[in-house]
Each structure stands twice: as structure tokens, then as C-alpha cells.
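The following exercises are to be worked with the sequence and the structure in view. Each task is followed by a solution in steps.

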Amino acid sequence: MADIAALSLFYFQRLFTRLVKKPVREYIKLRRLAHAVVSLENGNNHIVDIAVEYGFGSRETFSRAFKETYGLSPSEYRNKPVGLNNFDKPNLLLNYVMVDEGVPLITEGIVLEYNRKTLDNPVCFLGVEDLWRFKPGKMLGERPGVSEPAAIWDRFYKVLDDIVCIPYGRRVGVSYQGSARKGYSTYFVGAEVEPAVLDRADHHFTSWVLPSREYIVCRYEAENFDRLMASFGKMMKFTRYWLKEHGLRAEEFFPEIYYNNLPEADHAYMEMWIPFKERENND
């Protein structure tokens, strides 16, 4: 690879690590594991065959790397699938691209657009919440392992039929500090409901309200939901970069609003409604 890039081995490895945030060998291992996860989900191949297909010399080597990365073995994952975060293939060009408000950016089959909007009336949601371990300094797509928010989404869908939600209403996944202890964040998943529903809601459910105020609304579109979710880490990373370059800082909570349950939709899209404030000069 250094020869293809016309760089010395020493300089190539230093540059690669600086740009991708992982050494070359570690990056290759994590991307092979990301592809292997799909094979474990979708096929009936023997684990040893998957190991060889993705460049691991033996089942033992593959199993050890898988467990070190995700905290469970390939056989445990196949027998009882859980949501996993993989290390994304980075789009380094996004570090050097900037768009103005209201101007769409198209990259890797994803459309991103940022606008300021004022929410006049609060939006109510009813659902479930739990704590998840938060690792500062690492974005989604940079921290492989078991996805704790995915487990909370699973809990939500198991009780969704018991929620009197607005037909074809929005869904929300939102991370905020709340009463979470140090090192953790609260994550809430819910369905949009009429305000009156909150007053008579079952005590097993938790409510969350998107307050009326001004937001930066980050809209993401893709041809299908799987493609949308596969690029979510990159979208989050670019959004952080976009806010910084526009002199803004997100605060308090980070709601993901989903609309793709509409039956007439021919594509998948979601929005992040980010409360913000202007950055100080030394912020």
C-alpha cells in the first residue's frame, strides 16, 4: 500500500494513522470483522469458512479477534444476535468539504442538508429508556462493540403495541445526560403521542418532550433504511465538523427523529434536531 501511495513505509503508516485514527493493521482487521459480521447474520456458512474468507488464518484467530473487538464470540453472536457497532470505512473527503445552510451535500449515496428551524410547539414521545456507557472523544463508527442503544430500540419495539401513538407518527432516539452517573448517558426511545396521552400513560413507560426552541435540523436521506444506518457514524462525524465550522456548538441532547415508517415513502430519511448555541472565541 505504501508503494501504491508512493510513500515510504514509515511515512505511510504515520499518515494513515493520523487520518484514520487507527494503525493500518488494526484498521484492516476491524474492516474484515465488519464484513464478517454480515456473513454471520445472513448465511449458514461454517465459522471457519467465514474466517478464511475474510483473511483470518484459522477459526481460533478469527474468534479471538472477534471477541476482543465485540466482547462475544462469533458463535455466541450467531446464536443470539445483538446490535453491533462496526468500525466504518472513513470518507476522508468529508473532512475538507463544507456546505452552507440549505445546500444539499451528496456523498456515497447519502444526501445531507442543514437548516435552522424553530419548533413552535413541543413534540411529545412515550417509550423506554436506559443507561449506556458513553466514551467521550469517539464517534459512532469509531468504537466497535455491542450497541447498547440497539438493545433499547429492541425493548421499545416489544412494547410499541401498548403505546397509544399518533398513526404514522415520528419515532425518536435521544441521548442526554439526565440522572446518569459519570461515564454513562441516558438513551430514550419513543413514539410520538398526543400531549394528553402522557397524563394517563402506564407507569412502565417513560416520556420525553422535544421542547419548542430554535434548532439546527440535519436531514439525512438514503435509498433504504439499511444504507442510512450504515452511514450514520459518518453523518454524525460530519455534523460535528459542520457545527464547528459554522461557529456553533450542540448542547443538552441529541434527538434522532425517524420518519421512514410512512407507507408511501420511496426512500429512507431521518433528521437530527440539534439545540445549539454560538461558540465563544476560545471554545
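**Exercise 1.** What should the 14 residues of helix α9 (residues 232-245) span at 1.5 Å a residue, and how far apart are its end C-alpha atoms?

*Solution.* The model is a predicted one. The expected span is 1.5 Å times one less than the number of residues, so for the 14 residues of α9 it comes to 20 Å. The end C-alpha atoms of α9 are 20 Å apart, in agreement with that value. Buried residues of α9 include F232, F238, W242 and L243. After α9 comes G247, with a positive phi near 70°.

**Exercise 2.** Determine how helix α2 (residues 24-42) is oriented relative to helix α4 (residues 59-70).

*Solution.* The two axes, of α2 and α4, come within 11 Å and cross at roughly 100°. Angles of 65 to 115 degrees count as roughly perpendicular, and α2 and α4 are therefore roughly perpendicular to each other. On the α2 side, the residues in contact include L30, L33 and V37; on the α4 side, they include F62, F66 and Y70. By class, this contact of α2 with α4 has 10 nonpolar, one polar and two charged residues.

**Exercise 3.** Classify the aromatic pair of W208 and F253 and state which parts the pair ties together.

*Solution.* The structure holds 19 aromatic pairs. In the pair of W208 and F253, the centres are 5.5 Å apart and the planes lie at 80°. Planes over 60 degrees apart count as edge-to-face, so the pair of W208 and F253 is edge-to-face. W208 lies in strand β8 and F253 in strand β11, so the pair ties together parts that are 45 residues apart in sequence. W208 is buried, with a relative accessible area of 9%, and F253 is buried at 7%.

Conventions: Residues are numbered from 1 along each chain as its sequence is written. This is a predicted model: local features need pLDDT of at least 70, side-chain atom pairs count only at pLDDT 80 or more; totals for chains, interfaces and linings use all residues. Side-chain values use heavy atoms; hydrogens and water are left out. Helices (H or I, at least four residues) and strands (E, at least two) are DSSP runs, numbered from the N terminus. Buried means under 20% relative accessible area, exposed over 50%, partly exposed in between (1.4 Å probe, protein chains only). Axes are lines fitted to C-alpha atoms, for helices over the stretch in contact, and angles run from 0 to 180 degrees between N-to-C directions. Angles under 35 degrees count as roughly parallel, over 145 as roughly antiparallel, 65 to 115 as roughly perpendicular and the rest as oblique. Contact means heavy atoms within 4.5 Å. Ala, Val, Leu, Ile, Met, Phe, Trp, Tyr, Cys and Pro count as nonpolar, Asp, Glu, Lys and Arg as charged, and the others, Gly among them, as polar. Rings of Phe, Tyr and Trp (its six-membered ring) pair if their centres lie within 6.5 Å; planes under 30 degrees apart count as stacked, over 60 as edge-to-face and the rest as tilted.
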